[in-house]
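This report describes how parts of a structure are arranged and how they meet. Please keep the sequence and the model in view while reading.

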Amino acid sequence: MRINFELNGKSVSAEVLPHQPLRDILRSQFDLTGVKVGCHSGRCGVCSVLLDDRVVKSCLLMAPKANGRSIITIEGLSNNGELHPVQQAFKDNFALQCGYCTPGFIMATVDYLSSSPSNPPLRDEIKSAIKGNVCRCTGYEKIISAVSSAITSSEN
Amino acid sequence: MNSSPLQSYHLPLDLVSALTLLAEHEGSAKIVAGGQSIMLLLRQGFLSSETFVDISCIPELSEIATIDEVVYVGAAATYSSLESSPEIQPYSVLTDSLHVIADPQIRNLGTIGGALGHADPSLDIVPPLLCLDANVVLKSLDETRIVSLSNFHQEYMTADLSKDELIHSVTFNNLPGPHGGAYEKVSNVEGGWPTVGVAAQVVLDDTLSIISDVKIALAAVGDTAIRSPCMEKSLIGSVISMDSISKSSELVSQDIDPLDDLSGSAEYKSHLAGVLSKRALIKAINRAGGSL
C-alpha cells in the first residue's frame with residue numbers, strides 16, 4: 001500500500017507492506033540511517049523517532065500508521081547546519097562513547113523537553129524519561145548531565 | 001520478513017466503518033490499536049493475518065471523559081493520554097501503574113484497549129482496573145455487550161471477545177467516600193514486565209479509621225490477573241492498624257497460583273505478592289487520609 005506522510009518537514013510517499021516497521025522504510029527508502037537497528041523488539045530504543053512530535057520506537061511502528069502524520073528523525077533536528085539544542089547539549093557534555101545509541105537518546109530527550117520537565121531538573125524524572133533507551137557503553141551519567149543541561153539552557 | 005502481497009491495512013475514520021470491515025472479513029481481520037504487542041507477535045510468527053483494521057484514527061475511541069459519575073476511557077486512548085488526563089488523576093491506583101508501564105515510547109503508542117484485548121496476565125494496567133470494578137464495552141454491528149473485566153479475561157491470553165467485535169471502551173464508577181489507591185511492582189529491569197504487580201484500592205469511613213471497602217488485585221501470579229478475596233474479606237470493616245495489614249497480606253498467597261519462570265520461582269513470587277500487597281495497601285490507606 002502507498003502512504004503519504006511528512007518526513008523531516010517534507011511531504012513524501014512510500015510503498016509499504018502492512019506489518020513492515022517504519023524503521024525499515026526510513027532506512028531503505030529514504031537513506032535515513034541515523035535511525036539505528038538494535039534489538040528488533042522495542043527494548044533498546046536506538047530506532048526512536050518522533051511521530052507527531054511524540055517519541056516512538058520505529059521498529060514497533062507499523063509503517064501504515066505513518067500515513068498522514070509527521071515523522072522526524074535525528075537527521076531532521078538540525079537547522080541549516082546548526083545543531084539542535086539537545087544535540088549540542090550531548091556534544092558539550094561528551095554524552096556518548098560509540099554513539100550508536102545517541103540518536104535514540106536525543107529523540108527521547110527532545111520529546112521530554114517538550115513536555116514541561118521540572119526545572120531545576122530532577123534526576124529521577126530524567127531517568128524515567130530516558131528509560132526506554134539503552135546505552136551499552138555504560139555512559140548514563142554523562143547522558144543524564146546532557147539532558148539536565150538541555151533543560152536548564154532551554155529556559156534561558 | 002515474509003509478507004503476502006494480499007495483505008491489506010485499513011484505517012477507518014469512524015466506528016461503523018471499522019465494525020463493517022470486521023463483519024465483512026468474517027473474523028479473519030486483526031484489530032490494531034497502538035500495535036506495540038501485535039508487531040512483536042507478527043515478527044515472532046505467533047500471528048499472521050492478511051487484513052488489519054487500525055482503530056487509532058477513530059476519534060470516538062480515543063476519548064476520555066467523566067459522564068454522570070462514570071469514567072469512560074475509549075479503547076484507543078494511549079497510556080500517555082491517560083497519564084496526562086485530568087479525568088484519571090483522582091485514581092492514583094491507575095496513575096501509579098501508568099508511570100511504570102514500559103517506557104515513554106511504548107506509552108505514546110500503547111493503548112488501554114490493546115492491552116485488554118491482548119489479555120496477558122502480566123499487564124500492569126489490569127490489576128488497577130480490577131480494583132476499580134471496571135467494565136469492558138464491546139461492540140459489533142449487531143450488538144453492544146458490557147462485560148465485567150473480572151469475567152472478560154477467561155484464561156491465559158484469552159478474552160471474551162468475538163471475532164466480529166471490538167473493544168469500544170472501558171468504564172468505571174466514581175468512588176464514594178474518602179478513597180486512595182496504589183500500584184506496586186517489582187521487575188527484573190526498569191520498565192520491564194512485572195515479576196509480580198499488586199494494586200490496592202481502599203475506601204475509608206468518615207472517621208478515616210475504618211476500612212469500609214478494599215480491593216486487592218495482582219498481575220503475573222496466574223493465568224489471568226486476579227483479585228484476592230481472602231485478603232479483602234479480612235480487611236473489610238476492620239480498624240486500620242499495621243498489625244491487621246501485615247496479617248491480611250499473608251493471606252494473599254491463598255488466592256494466587258504463580259508459576260516458576262525466568263522472572264522468578266513460584267515461591268519467590270508468592271513471597272513478593274505478600275510484601276507488595278502490604279506496601280500497596282499502606283500507600284493506599286495513607287492516600288485516602290488514614291494514618292498508620
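## The contact between the chains

Chain A contributes 24 residues to the contact and chain B contributes 22 residues; two residues are in contact if their C-beta atoms, placed from the backbone, lie within 7 Å. On the side of chain A that touches chain B, β4 (54–57) and α3 of chain A each supply at least two residues. The largest share, four residues, comes from β4(A). Helices (H or I, at least four residues) and strands (E, at least two) are DSSP runs, numbered from the N terminus.

By class, this side of chain A holds 12 nonpolar, seven polar and five charged residues. Here Ala, Val, Leu, Ile, Met, Phe, Trp, Tyr, Cys and Pro count as nonpolar, Asp, Glu, Lys and Arg as charged, and the others, Gly among them, as polar.

The model is predicted: local features need pLDDT of at least 70, side-chain atom pairs count only at pLDDT 80 or more, and totals for chains, interfaces and linings use all residues. Residues are numbered from 1 along each chain as its sequence is written, while chains are lettered from A and ligands numbered from 1 in the order in which they are written.

## The sheet of chain A

Strands of a sheet pair through backbone hydrogen bonds, either parallel or antiparallel. In chain A, five strands form an open sheet in the order β2-β1-β5-β3-β4, with mixed pairing; two strands pair if DSSP finds at least two bridges between them. β2 (10–15) and β4 of chain A stand at the edges with a single partner strand each, so one side of each has no neighbour in the sheet. From one strand to the next, the twist averages 40°.

Within this sheet, strand β3 (residues 48–51) and strand β5 (residues 70–72) of chain A pair in the antiparallel sense over two bridges. A:Leu50 stands opposite A:Ile72 in β5(A). Helix α3(A) packs on the sheet, where it touches β3 and β4 of chain A, and its direction makes about 30° with that of β3(A).

## Helices that meet α3 of chain A

The axes of helix α2 (residues 85–92) and helix α3 (residues 102–113) of chain A come within 9 Å and cross at roughly 125°. α2(A) is therefore oblique to α3(A). Axes are lines fitted to C-alpha atoms, for helices over the stretch in contact, and angles run from 0 to 180 degrees between N-to-C directions; angles under 35 degrees count as roughly parallel, over 145 as roughly antiparallel, 65 to 115 as roughly perpendicular and the rest as oblique. A:Val86, A:Gln87 and A:Phe90 in α2(A) meet residues of α3(A) that include A:Ile106 and A:Val110.

The axes of α3(A) and helix α5 (residues 140–154) of chain A come within 11 Å and cross at roughly 35°. From α3(A), A:Phe105, A:Thr109 and A:Leu113 meet residues of α5(A), among them A:Ile143 and A:Val147.

Four strands of chain B form an open sheet in the order β11-β12-β13-β14, with antiparallel pairing. Its edge strands, β11 (179–186) and β14 (226–227), each pair on one side only. Eight bridges join β11(B) to strand β12 (residues 196–204) of chain B, and B:Ala182 has B:Ala200 in β12(B) as its bridge partner.

Helix α4 (residues 92–99) of chain B lies across β11 and β12 of chain B, at about 25° to β11(B).
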